[in-house]
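These are my notebook entries on one protein chain. I record what I looked up, entry by entry.

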Amino acid sequence: MEALLYPEFPHEPPTPSASSGAQAFWAGPRYLAGDDGQLYETVADALTRLDWTNLTIVRGRQEPDEAPQDRQVLRSTVLHISPDTLRWAQWVLADESFLLGGLPIAWQICARADTGGPLAAWSAYFTPDVPGEAVADLLAALDERDQPAVRLGGPELVLDAVIAHGWLRDIDQPDARATDPMFTTSLSLGEVPPLIQDGDPRALTVAADEAAPVGWQVWAEPVLGAPYLWAASFSAGVPPDLVAAFVASLSSTAPVLRRVLPESTRDRLLLAPAS
């Protein structure tokens, strides 16, 4: 397997920021490399390059005659909106969002079919330590679409994206599941977790005896039974080609620059100094 990973590393890595004195490495596989503690910055920079507008919404309480610096900020959300207002991304980590795989949601990405209504046609969720490069590539694919809510392709499109990078189909569910060669990261098409919002109202109102909508779930579990490193969830309405863009980037054999390595996967990473 190691022969398939990173036959050559980039010759000119990005210059480390002046504020960071940590050793920089080219690391792989990227699905175990974490987010470098820069998940917001990586994704926000990508959105800026796409010319999305960002708004900071601060919710708080300020007493009469209270100095501004003493204001009690209760919640804060950073919202990025595409020029056509059909798609948006929210950094919701500060909002005490719900948990996904035992981890808090960091980014929520949504899209709607038209500007006639405020409700999203689909939503996707990402926890901390999801590689920011994969989220950025998903957003680039989303930005290129004229109609962000139209479904293109089917489940095979998603599975083919990771199989092309050496992932393995599940023996029992080859049309719905795949895993990386080290069996640490999984991709599955199945019932979506609770509270995942979708344009289909059944997503939040399914009775106990009814079949729930199905969507793609991706997660990294470096040690079986241990806490997840990260998790991502796609509602039933997310177009398969966008899920494929995310998992293709996630499973890419190209290394990523990291200064902060996850403790749970440090011994599984291939590293090369970036100096």
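**Entry 1: a strand pair.** Which residue in β7 is the bridge partner of W88? I found that the bridge partner of W88 in β7 is C110. I then looked up the strands themselves: β4 (residues 87–91) is joined to β7 (residues 107–111) by 5 bridges, and the two run antiparallel. Two strands are taken to pair if DSSP finds at least two bridges between them. Helices (H or I, at least four residues) and strands (E, at least two) are DSSP runs, numbered from the N terminus. I also noted that 4 of the 5 residues of β4 are buried, so this strand is largely enclosed by the rest of the structure. Buried means under 20% relative accessible area, exposed means over 50%, and partly exposed lies in between (1.4 Å probe, protein chains only).

**Entry 2: the basis of the model.** I am reading a predicted model, in which local features need pLDDT of at least 70 and side-chain atom pairs count only at pLDDT 80 or more, while totals for chains, interfaces and linings use all residues. Residues are numbered from 1 along each chain as its sequence is written, and side-chain values use heavy atoms, with hydrogens and water left out.

**Entry 3: confidence.** I looked up pLDDT, the predictor's confidence in each residue, from 0 to 100. The protein chain averages 87, and 85% of the residues score at least 70. Over residues 1–19 the pLDDT stays under 50, and the model has 25 contacts beyond four places in sequence for this stretch. Contact means heavy atoms within 4.5 Å.

**Entry 4: the whole chain.** I noted 4 helices and 15 strands in the protein chain. Of its 275 residues, 44% count as buried. Among contacts between residues at least 6 apart in sequence, 65% join residues at least 24 apart. The accessible surface comes to about 13800 Å², and 54% of it belongs to carbon and sulfur atoms. Such areas come from the Shrake-Rupley method with a 1.4 Å probe; for residues, only the protein chains shown count as cover.

**Entry 5: helix α1.** Which residues of α1 are buried? I listed L39, V43, A44, A46 and L47. They lie on the same side of α1, because they cover an arc of only 155° around the axis. The arc is that of the directions from the helix axis to the C-beta atoms.

I then turned to V43, which is placed in α1 (residues 39–49). V43 counts as buried because its relative accessible area is 0%. Beyond its neighbours within four places in sequence, V43 is in contact with W107, G132, V135 and L139. The C-alpha atoms of V43 and E133 are separated by 7.6 Å, although these residues are 90 apart along the chain.

**Entry 6: aromatic rings.** How many aromatic pairs does the structure hold? I recorded 9. Rings of Phe, Tyr and Trp (its six-membered ring) pair if their centres lie within 6.5 Å; planes under 30 degrees apart count as stacked, over 60 as edge-to-face and the rest as tilted. One of the pairs is Y40 with W107, which is stacked at 5.5 Å centre to centre, with 5° between the planes. Y40 lies in helix α1 and W107 in strand β7, so this pair ties together parts that are 67 residues apart in sequence. Y40 is partly exposed at 24% relative accessibility, whereas W107 is buried with a relative accessible area of 0%. Another pair is W219 with Y228: their ring centres are 6.4 Å apart and their planes at 25°, so the pair is stacked. W219 counts as buried at 15% relative accessibility, and Y228 as partly exposed at 28%. I also noted one aromatic cluster formed by Y40, W91 and W107.

**Entry 7: the backbone.** Most residues other than glycine have a negative phi, and most peptide bonds are trans. I therefore looked for exceptions. A cis peptide bond, with omega about 0°, joins G28 and P29. P29 is in the loop between β1 (25–28) and α1. D36 is in the loop between β1 and α1, and has a positive phi of about 65° although it is not a glycine. D36 counts as buried at 11% relative accessibility. Just after α1, D51 takes a positive phi of about 65°. D129, in the loop between β8 (122–126) and α2 (132–144), has a positive phi near 75°. D129 is partly exposed, with a relative accessible area of 23%.
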